Amino acid sequence: MSSTTANPYRISLTEMLKQEGRTFEAMAEEVMFGDANALALCTEHCEVEPDGTCPHGCPSFMRAAGTI
């Protein structure tokens with residue numbers, strides 16, 4: 001039997017967008033066409049590569065949304 005523990009650092013995409021005060025589209029455009037790293041869905045506000053995960057195990061917002 002496998003036991004899964006929720007990652008205490010992980011937040012939802014909706015929560016991250018609310019905290020940032022920006023749309024998904026605006027953030028994705030900044031990452032894809034600008035010089036920005038992607039934010040991870042992490043309470044610690046980690047920045048990662050668009051297809052990456054942070055040291056806390058949280059994926060980038062683009063990876064979590066399935067755009068990468």
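**Close-up views of a predicted model**

**View 1. The largest nonpolar core.** Twelve residues make up the largest nonpolar core: Ile11, Met16, Leu17, Phe24, Met27, Ala28, Val31, Ala38, Leu39, Leu41, Phe61 and Met62. Two or more residues of this core come from each of helix 1 (13-20), helix 2 (24-33), strand 1 (38-39) and helix 3 (61-65), and helix 2 gives the most, with four residues. A nonpolar core here is a set of buried Ala, Val, Leu, Ile, Met, Phe, Trp, Tyr and Cys residues joined through side-chain atoms within 4.5 Å. Buried stands for under 20% relative accessible area, exposed for over 50%, and partly exposed for anything in between (1.4 Å probe, protein chains only). Helices (H or I, at least four residues) and strands (E, at least two) are DSSP runs, numbered from the N terminus.

A word on the model: it is predicted, so local features need pLDDT of at least 70 and side-chain atom pairs count only at pLDDT 80 or more, while totals for chains, interfaces and linings use all residues. Residues are numbered from 1 along each chain as its sequence is written, and side-chain values use heavy atoms, with hydrogens and water left out.

**View 2. Met27 and its neighbours.** Leaving aside residues up to four places away in sequence, Met27 touches Met16, Leu17, Glu20, Arg22, Leu39 and Phe61. Contact is taken as heavy atoms within 4.5 Å.

**View 3. Salt bridges around Arg22.** You will find two salt bridges in the structure, each defined by a side-chain nitrogen of Lys or Arg within 4 Å of a carboxyl oxygen of Asp or Glu. The side chain of Arg22 meets that of Glu20 at 3.3 Å, N to O, and that of Glu30 at 3.0 Å, N to O. Through shared partners, the salt bridges join Glu20, Arg22 and Glu30 into one network. Glu20 is partly exposed at 28% relative accessible area, as are Arg22 at 30% and Glu30 at 38%.

**View 4. The Phe24 and Phe61 rings.** The count comes to one aromatic pair, and Phe24 and Phe61 form it edge-to-face, 5.4 Å centre to centre with 85° between the planes. Rings of Phe, Tyr and Trp (its six-membered ring) pair if their centres lie within 6.5 Å; planes under 30 degrees apart are stacked, over 60 edge-to-face, and the rest tilted. Distant parts of the chain are linked here, with Phe24 in helix 2 and Phe61 in helix 3, 37 residues apart. Both Phe24 and Phe61 are buried.
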